[in-house]
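Biologist: Show me the model, please. I would like to know what the terms rest on.

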Amino acid sequence: MVQQQATSRWKRQWPLYAMLVPAIICVVIYSYIPLVGSVIAFQDFTPFKGWFGSDWVGLDQFRYAFELPDIWKIIRNTVVISLMKIVAGLFVPILFALLLNEINKMFVKRSIQTLIYLPHFLSWVILGGILIDILSPSEGMVNQLIKWLGFEPVFFLGDNRWFPYILVLTDTWKEFGFSTIVYLAALTGINPALYEAAVIDGAGRIKQTWHITLPGMIPIIVLMATLSLGNVLNAGFDQVFNLYSPQVYESGDVLDTLIYRVGLEDMQYSVATALGLVKSVVSFAFISISYWLAYRLANYRIF
Amino acid sequence: MKTGKLTLAIVIMLSMVLTACGNNDKPQEPSKESGGNAGSAAVSDPNPEPFGKYEKTVEVHAAVASEPNWKFPEGDSFENNAWTRGYEQELGIKVVYDWTTNEGSYFNKMNVAITSGDLPDVFVVNGAQLRLLAEADQLADLTEVYEKYAAPFTKELIEGDGGLGLKAASHGGKLVGLPKSGSTIYELPMVWLRTDWMKKLNLQEPKTMQDVLAIAEAFKNGDPDGNGKPDTFGLPITKDLYGGMASLTGFANSYHAYPQMWVKDKDGKAVYGSTQPEMKATLQQLADMYKKGLIDPEFGVKDAEKVTDDFVNSKFGLTFGANWNPLNFIDLKTKNPDSDWKAVPIVSSDDQTALGSIGFPATQFTVVRKGFEHPEAVVKMLNFYQEKRYGKTKDESVYNPNDAKGNQTHVYTSALVKSDKANEMTISDLKNLAEAVTKQDKSILTDYIPEYEKMIKFKDGDLSGWASTRQGGPEDSGFSILIKAYDSSSYVANLFGGQTETMSAKWSTLDKLEKETFTKIILGYSDISAFDEFVEKWNALGGKKITEEVNRDLSAQQE
């Protein structure tokens, strides 16, 4: 009986599974097979000896990596910058989605939605050049305004006190449009009857938001938070690489830029892989923990 | 965002996958041919002809750097131009470019190709890659094919640097690459001055470094552009600190400091210039200038391109840079025809003559993958290049043509295998150029025909020849400074152009440390005592070991 049910379900649903196949193949080729290459983190790897011909050195590469000058400063920068990005990247879109949700004119809502989504499509190479101009202390728009208001101009990209915040601010500005759309989608899923009932009970806008909208969004908020926690060691290579300069290495050099220099400039593949592996393991741990938390706290399950 | 997490690691790992595939079939390849031994066909050729054409067209897969903004005559491209056609028609060699990218990312991309084991037949590498590939025995031995196939004229040009280039291209007594030699004297730094500003503020040509500093101050405070606003600066620097535009190198040379290169100390040992006490004095001076507002506070984020914009917007009238700087001032000349520049030699801060730093003759090499059947093809292509560019049968209209508008194209620099004249020959060409322009006699020229024509145009009042005249004219030009410096030996060459073991592992760390420290000292973020800490750190982080290795390699070369 059970057997039969399963078979008929399979018959009905196999096209859906078939649609998964290309994605699974891609994940296997681009994510799982390369994992085998992680072995070079435990070797003194030279390309011509290959994976299995290179000498095994145990944890030496890890030891070397953690003795690199400034490594702890770099890890600190990475964690600080990415945590700020995670927090900002979570709350700014929620706020924006709530505000947009209050707009009744469809045209206005759609236009704003598109406008805030646009920067997502620009690459950091282009934005880097633009931001250097906009934020310039002598001629940049932002500082013109600051000077007009009677304050001293600020060298945003050259000052260690400001640089990390500029990274967070610009990254949030570039990416929050995407998350906003996700939250807006979640909002449409809330049963309108709940709002009608609340209005009858005398709830105003704020109370409706607090008691209906937000609880309705909780699952998706938890999901987004869970996914973003995996980024805790990911401060965003493209952005940092295009905006930093020697004077802000102190506050802006992150693991990814270090891996780039070690791996692609110095050809120390083993050390770069060791660092990459550390990043992946830590991210994996964070994702596992946050998934467990999401399950315990919000009864949310992905699978 | 999600995938970004592992991107780099994946790129590297993915290339490992390819390595595995590459390696699985690679070892068999040489063994298949080991009976015939790669290249033996050439070596056994009883009658090697430097310009001999293959009966059956040989296909060569290649990789080399090219810039996306290079221009070609109508219908031509980097992949299909006078050189590729010449190779095919005259030598029977068909060049297929597997890939090409701009110089800035070429060597990083080559690193990936090396790691993936996916090497073309003929390609260009830097010193580190040459060493890596040679140690792994991945390169064809060119000793014999060079001996047999290089034309006498080729040998004359290549060995014009006293054999330094060939030495740098050798590994374990074997020639494993052809040096891409060139005239290092081109890199000599000089002072460029805006003459219309000098005249306006009644300033004299600098004789000492103190004069230069006085000019910088006058350009900052004297409102040289006459717009009533204090919007000019004394001295430009880029965020990279060194290079051909707005560089610190010439400034440091005035204090007898030689950053970013290997020089001999008093005891004859090689030392790294950036860590010497003279550099401290240089930085102290720069920090003082910064405090006085002579240096753009934003220099730390500006690359050469952005600083060029500043020149065009009349922010600077004094700079240390290479002989070709006027080519970047063309937009300024168009915008403001009254503006003008001239070159003067770098001057000294004391009674000793200031010497300008120049590079090591060969830092790039054309190499052949081991197992490629026709290693001699690369020598033939080099013969072909030098003959067509510099030899008796040279034809500029084919190999250095202008486009329909009369502007020079980049055909001349698009050959696969290149090696250019060494200093001695270049200087004599430059002298001939100056004489030809003075006498308006084209027959004196031994090279530089397009430059000559532009200068003659300028003499007739055509502004489009302005930059060439400032670069190459008989007086006050970049080239005239090169000639003077070369004749009076007022230059210091980098002693070492190779790569040592520790260098390849640590250099980017040390370079980052240097630029970060120097930038902070100039900006006043750090006290000048940070320099001593930097030297200590630099030595501890591998610099000391690298210095030992460099000295070891240099003394080995002398034996």
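Modeller: Between chain B and chain A there are five salt bridges. This is a predicted model, where local features need pLDDT of at least 70, side-chain atom pairs count only at pLDDT 80 or more, and totals for chains, interfaces and linings use all residues. Side-chain values use heavy atoms, without hydrogens and water.

Biologist: What makes Asp253(A) and Lys512(B) a salt bridge?

Modeller: The term needs a side-chain nitrogen of Lys or Arg within 4 Å of a carboxyl oxygen of Asp or Glu. Here N to O is 2.7 Å. So the pair counts as a salt bridge.

Biologist: How many residues of chain B are in contact with chain A?

Modeller: 47 residues of chain B touch 55 residues of chain A. Contact means heavy atoms within 4.5 Å.

Biologist: Why are H5(B) and H6(B) called roughly parallel?

Modeller: Helix H5 (residues 103–116) and helix H6 (residues 127–135) of chain B pack at about 10°. Angles under 35 degrees count as roughly parallel. H5(B) and H6(B) are therefore roughly parallel. Their axes are 11 Å apart.

Biologist: Which residues of H5(B) and H6(B) make the contact?

Modeller: H5(B) brings Phe107(B), Met110(B), Asn111(B) and Ile114(B). H6(B) brings Gln129(B), Leu132(B) and Leu133(B).

Biologist: What makes H18(B) and H19(B) roughly parallel?

Modeller: Helix H18 (residues 423–439) and helix H19 (residues 449–459) of chain B pack at about 30°. H18(B) and H19(B) therefore pass as roughly parallel too. Their axes lie 10 Å apart.

How values were computed: Residues are numbered from 1 along each chain as its sequence is written. Chains are lettered from A and ligands numbered from 1 in the order in which they are written. Axes are lines fitted to C-alpha atoms, for helices over the stretch in contact, and angles run from 0 to 180 degrees between N-to-C directions. Helices (H or I, at least four residues) and strands (E, at least two) are DSSP runs, numbered from the N terminus. Angles under 35 degrees count as roughly parallel, over 145 as roughly antiparallel, 65 to 115 as roughly perpendicular and the rest as oblique.
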